[in-house]
Amino acid sequence: MSEASNRRPLKIRDQRTVNRIAAWLSQRNVTPNQISVCSVIFAAAGAVALVAAGRTGDAYQVVSLICAALMIQCRLLCNLFDGMVAMEGGKQTPAGELFNDVPDRIADPLLIVACGFAVPEYPSAIWLAWLGALLAVLTAYIRVLGASLGLPADFRGPMAKQQRMALLTLACLASALQFLWDGHGELLWLALIVLVVGSALTCLRRLFGAYRQLNTGA
């Protein structure tokens, strides 16, 4: 499968500001692979912030959660611009697919597992986080496996990468305000439950979709 056919459909690519930033990066000595690696660095920074949020309180916890949300979005921006610089900027490389997929398989577990450490008040959060990380990788595995069998890349949800990261971002930002109602991590814990259930459903939908297409040729 080519990089173009394995590309996640995103409406944000059509926005003028996004295209201008991508064009600016393309004109500089920046490669798509470097941007992809940066996504892991941002994810690691977000994971550190989440772990710190579980070990601090008051204002430090608020700052940590906001930083985590910011790092998650920076990670997603890297995922956006690496593809745009590669395709629109004409900087595709033979190893582009490796850099397109492998960093995501590192970044997702880093952030999801760290969420389990962000809510020590809920012991179940740790195993929920590990299960969510495993399912996140499995959703991508099923997509890549289907593509290797000649099927179109399947990016359906309800808990694809963008949805997972949006959920964690919102949960971090909302949890940063939990002092208003004397909360203790329940929003992040609930987000992990939603992530696990949604990711499991995503795996099933992609798996049955691939099975149906392979059997019918549709």
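Buried means under 20% relative accessible area, exposed means over 50%, and partly exposed lies in between, with a 1.4 Å probe and protein chains only as cover. This is a predicted model, in which local features need pLDDT of at least 70 and side-chain atom pairs count only at pLDDT 80 or more, while totals for chains, interfaces and linings use all residues. Residues are numbered from 1 along each chain as its sequence is written, and side-chain values use heavy atoms, with hydrogens and water left out.

**Stop 1: the whole chain**

Show the chain as a cartoon. It has seven helices and zero strands; helices (H or I, at least four residues) and strands (E, at least two) are DSSP runs, numbered from the N terminus. The radius of gyration is 18 Å, close to the 17 Å that the globule rule gives for 218 residues, so the chain is as compact as a globular protein of that length. That radius is taken over C-alpha atoms, and the rule is 2.2 Å times the number of residues to the power 0.38. The C-alpha trace spans about 50 × 45 × 25 Å along its principal axes.

Switch to a surface. The chain exposes about 11100 Å², and carbon and sulfur atoms supply 70% of this area. Accessible areas come from the Shrake-Rupley method with a 1.4 Å probe; for residues, only the protein chains shown count as cover. Of the 218 residues, 45% are buried. Among contacts between residues at least 6 apart in sequence, 83% join residues at least 24 apart, where contact means heavy atoms within 4.5 Å.

**Stop 2: the annotated segments**

In the model, residues 35-53 are 100% helix and 0% strand, with the end C-alpha atoms 27 Å apart. Residues 187-204 are also 100% helix and 0% strand, and their end C-alpha atoms are 26 Å apart.

**Stop 3: a nonpolar patch**

Select Val-37, Ile-41, Leu-98, Phe-99, Val-102, Ile-106 and Leu-110. Together they form a nonpolar surface patch with about 580 Å² of accessible area. Helix H2 (32-53) and helix H4 (96-117) are the elements that give two or more residues to the patch. H4 supplies the largest share, five residues. Patches are made of residues with over 30% relative accessible area and no salt bridge; like charges are joined within 9 Å, and nonpolar side chains (Val, Leu, Ile, Met, Phe, Trp, Tyr) within 5 Å. Centre on Ile-106, found in helix H4. Ile-106 has a relative accessible area of 41%, so this residue is partly exposed.

**Stop 4**

Move to Ala-45 in helix H2. Its relative accessibility is 34%, which counts as partly exposed. Draw a C-alpha distance from Ala-45 to Arg-75: the two are 30 residues apart in sequence and 9.8 Å apart in space.

Next select Ser-64 in helix H3 (residues 58-87). Ser-64 is buried, at 12% relative accessible area. Leaving aside neighbours within four places in sequence, Ser-64 is in contact with Ala-49, Ala-52, Ala-53 and Thr-56.

**Stop 4: salt bridges**

The whole structure has seven salt bridges, each being a side-chain nitrogen of Lys or Arg within 4 Å of a carboxyl oxygen of Asp or Glu.

Show Arg-75 and Asp-104, whose closest N and O atoms are 3.0 Å apart in a salt bridge. This pair links distant parts of the chain, with Arg-75 in helix H3 and Asp-104 in helix H4, 29 residues apart. Both Arg-75 and Asp-104 are buried.

Which residue forms a salt bridge with Asp-101 at 3.2 Å? Arg-105 does, by the closest N and O atoms. Asp-101 and Arg-105 are separated by about one helical turn because they are four residues apart in helix H4.

Salt bridges that share partners join Arg-75, Asp-104, Asp-108, Lys-161 and Arg-164 into one network.

**Stop 5: the H5-H6 loop**

Finish at Pro-158, in the loop between helix H5 (124-148) and helix H6 (161-175). Pro-158 counts as partly exposed, at 38% relative accessibility. Not counting residues up to four places away in sequence, Pro-158 touches Gln-163, Gly-198, Leu-201, Thr-202 and Arg-205. Pro-158 and Gln-178 are 20 residues apart in sequence and 27 Å apart in space, C-alpha to C-alpha.
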